[in-house]
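My notes follow in the order I took them.

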Amino acid sequence: MTVTQIDAARQGIITPAMQRVAEKEHKSPEEIRVGVASGSIAIPANIHHNALDPEGVGTGLRTKVNVNLGISGDLIDPEVELEKVRVALELGAEGIMDLSNHGKTQEFREQLVAMSPAMIGTVPMYDAIGYLEKPLISITPEDFLDVVRRHAEDGVDFVTIHAGINRRVIESFKETGRLMNIVSRGGSLIFAWMEATGNENPFYEYYDQVLEILHEHDVTISIGDAMRPGCGYDATDAGQIAELIEIGKLTKRAWDAGVQVMVEGPGHMAIDEIAANIKLEKRLCHNAPFYVLGPLVTDIAPGYDHITAAIGGAVAASAGADFLCYVTPAEHLRLPDVADVREGLVATKIAAHAADIAKGIPGARDRDNRMSDARRRFDWEEMFDLAIDPVKPREYFESAPPSNEDSCTMCGKMCAVRTVNTIMDGLVIDLGDEY
């Protein structure tokens with residue numbers, strides 16, 4: 001029988017994954033073990049994912065960033081998706097979610113697990129129709145469980161399961177109404193299945209069986225927020241909160257079954273609601289790690305939603321969110337291309353890092369201090385190496401080379417840093433000749 005990370009932690013055992021996370025986080029292995037045992041830290045680490053370099057997600061740790069990608073029915077090109085994977089790994093994404101919903105999803109998923117040191121997540125519900133080759137209404141609860149089992153056997157480290165959208169939540173949603181209704185893809189499919197069959201959500205009704213599968217392979221459950229708000233108007237409404245209450249109950253049941261938990265959150269939300277939502281999730285879900293999409297702080301910036309999400313992500317993470325899902329400039333418009341993935345990931349990494357500085361995460365500011373020192377010394381190569389994205393700053397600098405190495409073309413000889421460096425070095429400036 002598999003002993004999961006949380007099983008081991010509760011038995012006082014420090015696993016190699018806990019040891020590795022402790023090294024990365026500048027913490028003692030015992031601190032990590034205690035966090036895993038309590039559920040406030042999750043280490044998604046499927047026993048079949050041999051390429052994994054484990055990461056911890058949760059209280060007191062660096063904010064982690066996830067990249068979504070995958071094969072779409074309209075743009076079927078696995079090689080492009082693999083190039084996105086390479087960009088994500090190059091820029092240091094800690095998580096990659098394969099949201100493929102067309103074609104040979106299993107082949108792509110297995111290739112992704114085999115090559116990626118980052119943790120891999122999936123949404124089995126997306127894969128159900130294609131994998132089973134059945135119309136939605138014909139899929140049985142056992143069919144849904146089979147898809148979860150397949151993903152677990154393939155080595156994914158966490159799965160999004162929309163188990164919280166049960167009959168009580170749907171009743172609340174129907175009574176109160178929404179401007180954007182349900183925007184979660186997985187949530188909408190489950191809602192449609194429930195309405196068509198008249199049955200309870202199979203992931204809720206057969207939750208214990210889902211947990212048995214996940215425990216067998218040490219897969220972390222990321223409890224999906226089917227009722228996440230898809231616009232600012234719907235944020236923090238009855239449907240969202242009703243589901244969050246159910247998710248809190250499901251969190252404890254998962255921990256009791258020896259399965260690690262992350263909780264997924266909104267969505268679209270005004271800045272002034274974000275901190276309260278983080279506190280609410282931490283309270284109702286017993287301090288389980290919180291994984292948020294954005295949140296996007298305005299709805300009128302298509303083409304720039306990586307910025308609206310980065311603003312919300314920085315606020316959310318500084319308030320206690322643990323895991324940020326990136327949003328690209330293509331959000332709401334198309335499947336992101338490779339350039340979109342880079343832009344979205346860099347924006348989200350900036351948000352996560354800014355939050356880590358605000359939270360006082362050990363060592364978070366060290367890289368900033370080294371960058372400042374390199375800037376003072378005009379060490380351009382070191383600046384590029386320290387940058388979150390080393391490619392764009394080099395391209396910008398080299399596109400307009402300065403006449404002096406100790407300046408850029410913005411200020412030239414009038415560079416403040418250059419002027420003060422010269423004075424501090426004890427040199428005399430001829431203000432007439434120099435300027």
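**Cysteines**

I began with cysteine 285, which is buried at a relative accessible area of 0%. This is a predicted model, so I read every value as computed. Which cysteine sulfur is closest to that of cysteine 285? It belongs to cysteine 325, 18 Å away, which is too far for a bond. A disulfide is a covalent bond between the sulfur atoms of two cysteines. I then searched the whole structure and found 0 disulfides. Cysteine 415 is in none either; its nearest cysteine sulfur, in cysteine 411, lies 5.8 Å away.

**Nonpolar cores**

Next I looked up the cores. The largest nonpolar core holds 112 residues. Ile32, Ile43, Phe203 and Ile221 make the most contacts inside it. Helix α15, residues 338-359, gives this core its largest share, 7 residues. A second core of 10 residues is separate, and Trp380, Phe384, Ala387 and Cys415 are among its members.

I went back to isoleucine 43 for its partners. Beyond its neighbours within four places in sequence, isoleucine 43 contacts residues including Ala17, Met18, Val21, Ile32, Val36 and Pro54. Gln5, Glu55, Thr220 and Gln260 are also among the contacts of isoleucine 43.

**Helix α9**

I checked the length of α9, residues 185-197. Its 13 residues should span 18 Å at 1.5 Å a residue, and the end C-alpha atoms are 18 Å apart, which agrees. Which residues of α9 are buried? They are Gly186, Gly187, Ile190, Trp193 and Met194. Their arc around the axis is only 125°, so they sit on the same side of α9. The cover over these buried residues includes α6, α7, α8 and α10.

I looked at both ends. Serine 184 caps the N-terminal end of α9, with a side-chain oxygen 2.9 Å from the backbone nitrogen of glycine 187. Just after α9, glycine 198 has a positive phi of about 80°.

**Helix α5**

Last came α5, residues 105-115. Its buried residues are Thr105, Phe108, Arg109, Leu112 and Val113. They span an arc of only 135° around the axis, so they lie on the same side of α5. What does the face turned away from the buried side carry? I found the exposed residues Glu107 and Ala114 there. Strands β3, β4 and β5 are among the elements covering the buried residues of α5, as are α4, α6 and α7.

Definitions and conventions
Residues numbered from 1 in each chain as written. Predicted model: local features only at pLDDT ≥ 70, side-chain atom pairs only at ≥ 80, totals over all residues. Heavy atoms only, no water. Core = buried A, V, L, I, M, F, W, Y, C linked by side-chain atoms within 4.5 Å. Buried < 20%, exposed > 50% of the residue type's maximum accessible area, 1.4 Å probe, protein only. Helix = DSSP H or I, 4+ residues; strand = E, 2+ residues; numbered from the N terminus. Contact = heavy atoms within 4.5 Å. Disulfide = S-S within 2.5 Å. Expected span 1.5 Å × (residues − 1). Arc of directions from axis to C-beta. Polar contact = N/O pair within 3.5 Å; in protein donor to acceptor, adjacent residues only side chain to side chain.
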